[in-house]
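Have the structure open as you read.

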Amino acid sequence: MVPLALALRDRGHLVRWATGPDAGPRLEAAGIEAVPVGVPWDDNRAALWARYPEIFSLPPAELPDHQFPKLFGEIVPPTMLQALLEVTVAWQPNLVVHDAADFSGPIAAASIGVPSVTHSFGALTPIHRVAAAGELVADLWRSAGLEPRPFGGAYDNLYLDIYPASMQSADMGHVRFRQALRPMSFVDRDEAEPAGEIAWPENDKPFVYLTFGTVYRDAGALRTAADAIASLDVRLLVTVGPGGDPEALGPQPEHVRVERYVPQSRVFDVCDLVVSHAGSGTFLGGLSRGIPQLCLPQGADQFLNAESCRKAGAGLVLEPAEANPDAIAAAVTRLLDDGSFRARASTVADEIAAMPGPDEVAAVLERLG
């Protein structure tokens with residue numbers, strides 16, 4: 001969402017971002033005023049675990065159907081709505097833009113009679129998940145003196161869709177107004193500077209990038225994938241996330257590098273294959289460069305992304321129960337040897353490049369606001 005916020009700011013608009021206290025420093029570093037609302041993200045996850053421990057015994061692919069409405073419809077909104085209403089009433093913005101899992105934003109916008117805009121973070125969230133979250137947030141609408149809206153108000157106005165249309169598999173009939181927005185990532189200036197260049201022996205062996213992102217970090221699954229790929233004749237970069245421990249993967253051979261974090265824009269410039277959890281940032285970032293992918297989904301919307309990748313022919317998918325070392329090594333070998341995967345990923349990259357950028361969409365928001 002940061003590129004759109006910066007585009008609005010650069011067009012002369014006042015931008016204020018209400019978010020959990022965890023994200024504030026990153027936004028301030030980007031030059032965006034941040035207002036803390038709600039609680040740290042780990043508190044929300046702990047509350048979900050304490051209230052609904054039974055859902056975590058479900059198969060990983062089934063968990064999101066229960067996790068999304070309970071977390072984003074029941075647990076998170078009450079922690080942030082009052083503070084968000086106070087900010088909104090005091091500041092009187094012309095427009096409220098919120099992410100697709102935030103069900104407080106539409107209430108805040110409706111409370112002062114301005115439009116709310118839903119900014120997607122990947123594929124369209126399945127209708128039953130959003131409908132269930134909308135039902136759980138209905139009492140918060142009433143507490144603000146408002147009538148509850150279908151889908152929690154998520155689709156009352158404009159939906160900013162960062163997903164390539166050819167890969168969008170869900171029925172979008174309930175989304176009345178859709179505006180495409182090219183998915184982009186934002187790299188902090190200090191992170192964009194060289195922070196220990198990734199130095200490799202000079203050879204032409206394929207470069208494979210393995211990451212499970214910065215949120216979902218199953219150390220066991222990551223190590224299984226790393227060991228499988230390290231057995232191949234490739235160069236391998238593994239990132240374990242800012243809170244991860246590179247030492248947890250154990251000693252590595254010369255052709256493997258393990259880092260906490262490297263800006264993905266640097267990696268995508270040089271890698272031949274992305275192996276990941278299929279989180280939207282990594283997934284769309286890799287596709288935008290035409291890089292084929294091996295998707296090892298772990299939770300959340302990752303299963304949606306993985307299935308989209310499979311259908312597009314831009315990569316392969318191994319579900320958690322299938323992701324053993326032999327299967328991972330075989331999939332990596334196939335993706336590197338079969339040029340059809342890169343050709344299809346390049347087709348998706350061309351589609352992404354043609355989507356409107358943040359400045360164009362900012363102009364659309366000006367008219368709406």
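**Holes, then helices**

Searching the whole structure turns up one cavity of 30 Å³ or more. On a 1 Å grid over the protein atoms alone, a cavity is a set of points where a 1.4 Å probe fits but cannot get out, while a pocket is an open set with protein on both sides within 12 Å along at least five of seven lines; lining residues have an atom within 4 Å of a point. This is a predicted model, where local features need pLDDT of at least 70, side-chain atom pairs count only at pLDDT 80 or more, and totals for chains, interfaces and linings use all residues. Residues are numbered from 1 along each chain as its sequence is written, and side-chain values use heavy atoms, leaving out hydrogens and water.

Now for the helices (DSSP runs of H or I, at least four residues, numbered from the N terminus). The axes of α9 (residues 219-230) and α13 (residues 325-337), lines fitted to C-alpha atoms over the stretch in contact, with angles running from 0 to 180 degrees between N-to-C directions, come within 8 Å and cross at roughly 55°. That makes α9 oblique to α13, since angles under 35 degrees count as roughly parallel, over 145 as roughly antiparallel, 65 to 115 as roughly perpendicular and the rest as oblique. Thr224, Ala225, Ala228 and Ile229 of α9 meet Pro325, Ile328, Ala329 and Val332 of α13, contact being heavy atoms within 4.5 Å.

Notes: Helices (H or I, at least four residues) and strands (E, at least two) are DSSP runs, numbered from the N terminus. Grid points are joined across faces, edges and corners, and a volume is the space filled by probe spheres set on the points.
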